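Student: I've got this model open and would like to go through how its pieces pack. Can we start with the helices?

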Amino acid sequence: MDHSPRSPLADSSLALLTKGYAWLPDRRRHASGPVVRTRLMGQHTVALYGPDAVRFFYDEQHVERATALPGPVLSTLFGQGAVHTLDGHAHRVRKGMFLSLLTGARAVTGVVEEVTGEWDESVASWPGRPSVVVFDEASRILTRGVCRWAGLPLADADEVAGDLVAMVDGFATPGPRHWRARRARSRAEAWLAALVEDVRRGTATAPTGSALDVVVLHRDADGRHLDPHTAAVELLNVIRPTVAVCWFVTYAAHALHRAPDIRERLREDDTAYAVAFAHEVRRFYPFAPFLGGRAVTDLRWQGEAIPSGALVLLDLYGQNHDPDVFPDPYTFDPRRFLDHPPARDELIPQGGGERADGHRCPGEDITIALLRALGPRLAGLEYAVPAQDLRIPLNRMPSRVRSGFVIEGVRVPVPVAS
């Protein structure tokens, strides 16, 4: 097999940091074949895109994830020893714990009920405040809701929300945001590891069937309980993705501001449209730029050689904006998903493949359900949007609305009695 690239490969690490989400789509547009070849951190890198590439990428005979995750990502976003670092049988056993907690109607309904209850209670206080930052409020609401659902006692919800947001905000960048993320992870892991030990000693109680209870009792592929640190890591991997929905809630506010007609449509009692809106928020706005794995052997993709050990990237942002997959991709239009619900490997903001035995996010159904519930609630509010910086910079990873989306003069309409 010919392992050599068609031309000498320059390292693109600096270009990635400079261009962010646009880096890989730009490289794709100038590629002469079906893959992008480059180097990242000195490693031979091959980037793939498209629904067929999703299936290729998630085949464990082709690509493994465990050895591809950079240390800085583990030290901020996922945690050392997390399920994301496992492959094969060990991954499936650990992943089963997450699937038992995060999938199915009961789990989804439980999280949504807790979060919407917190939302409704919090929003009732907004009319008395001079201004509200949607990103900050959403992060605190989601933290309180998911922690109550998970059986985690909160001494300071604001601090925990800040730490969970920092872990996501600092995983893909060097500098101050990265170090804030590492410090936040250390605090959160220490808190939850101590809680796990207290439950096992009998000095604290885990509600039966709660996430805390399930993680404390879980036995891994080797038949052993998780050590307190790993249990803490996985508890964070249960609650952190739900708190990260604050990114999408803020993007939803941004979308409603740009398209008042969509806001009016969301105010109607139309579940199908609310779900379509949730899908379009996740498709249109930037969250994860790509996923990485490592070729387990010499491979071929559409005639292109991929050498064993090469870093393999799956372009998430680019695929979600590919006109061959989503016509008119830079127009925000939830109607695209009314007649054509997203196929498994087409819409991939939270990964692709099967949840049961792959690395697709097990909490995706919860994300969709939360946006389905919170989108109409946000659209139902009356408020003013003062002058602010509403840009969403694509060279910042993860990106976010710069101002956090500030609203003023909030009014909560009173339902008219029938």
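Predicted model: local features only at pLDDT ≥ 70, side-chain atom pairs only at ≥ 80, totals over all residues.

Student: Where do I find H9, and at what angle do the axes of H9 and H11 cross?

Tutor: H9 covers residues 176-201. Its axis comes within 8 Å of the axis of H11, and the two cross at roughly 115 degrees. The labels are DSSP runs numbered from the N terminus: helices (H or I) have at least four residues, strands (E) at least two. Axes are lines fitted to C-alpha atoms, for helices over the stretch in contact, with angles from 0 to 180 degrees between N-to-C directions.

Student: So is H9 parallel or perpendicular to H11?

Tutor: Roughly perpendicular, because of that angle. The classes are under 35 degrees for roughly parallel, over 145 for roughly antiparallel, 65 to 115 for roughly perpendicular, and oblique for the rest.

Student: Which residues in H9 meet H11?

Tutor: On the H9 side, Arg185, Ala188, Glu189, Leu192, Ala193, Val196, Glu197 and Arg200. They meet Pro228, His229, Ala231, Ala232, Val233, Leu235, Leu236 and Arg240 in H11. Contact here means heavy atoms within 4.5 Å.

Student: OK, and how does H5 sit against H11?

Tutor: H5 is residues 88-102 and H11 is residues 228-243; their axes come within 11 Å and cross at roughly 40 degrees. That makes H5 oblique to H11. H5 also passes H11 in a right-handed crossing. In H5, Arg94, Met97, Phe98, Leu101 and Leu102 make the contact, facing Thr230, Glu234, Asn237 and Val238 in H11.

Student: Switching to strands. Which ones make up the 5-strand sheet?

Tutor: The order is E1-E2-E8-E5-E3, in an open sheet with mixed pairing (two strands pair if DSSP finds at least two bridges between them). E1 (36-40) and E3 (63-64) are the edge strands, each pairing on one side only. Helix H2 (residues 23-30) packs on this sheet and touches E1, E2 (43-48), E5 and E8, with its direction at about 140 degrees to that of E1.

Student: How many bridges join E5 to E8?

Tutor: There are 5, between E5 (residues 290-295) and E8 (residues 311-315), which run antiparallel. If you want a pair to click on, Phe290 has Asp315 in E8 as its bridge partner.

Student: What about the 3-strand sheet, what's the order there?

Tutor: E4-E10-E9, an open sheet with antiparallel pairing. E4 and E9 are at the edges with a single partner strand each, so each has one side left without a neighbour in the sheet. Ignoring direction, neighbouring strands of this sheet are turned by 45 degrees against each other on average. Helix H7 (residues 134-150) packs on it, touching E4 and E10, and its direction makes about 65 degrees with that of E4.

Student: Which residues face each other across E10 there?

Tutor: E4 (residues 131-133) joins E10 (residues 406-411) through 3 bridges, and Val132 stands opposite Ile407. E9 (residues 382-384) joins E10 through 2 bridges. There, Glu382 stands opposite Arg411, and Ala384 stands opposite Glu408.

Conventions. Residues numbered from 1 in each chain as written. Heavy atoms only, no water. Left-handed = near helix turned anticlockwise from the far one by under 90°.
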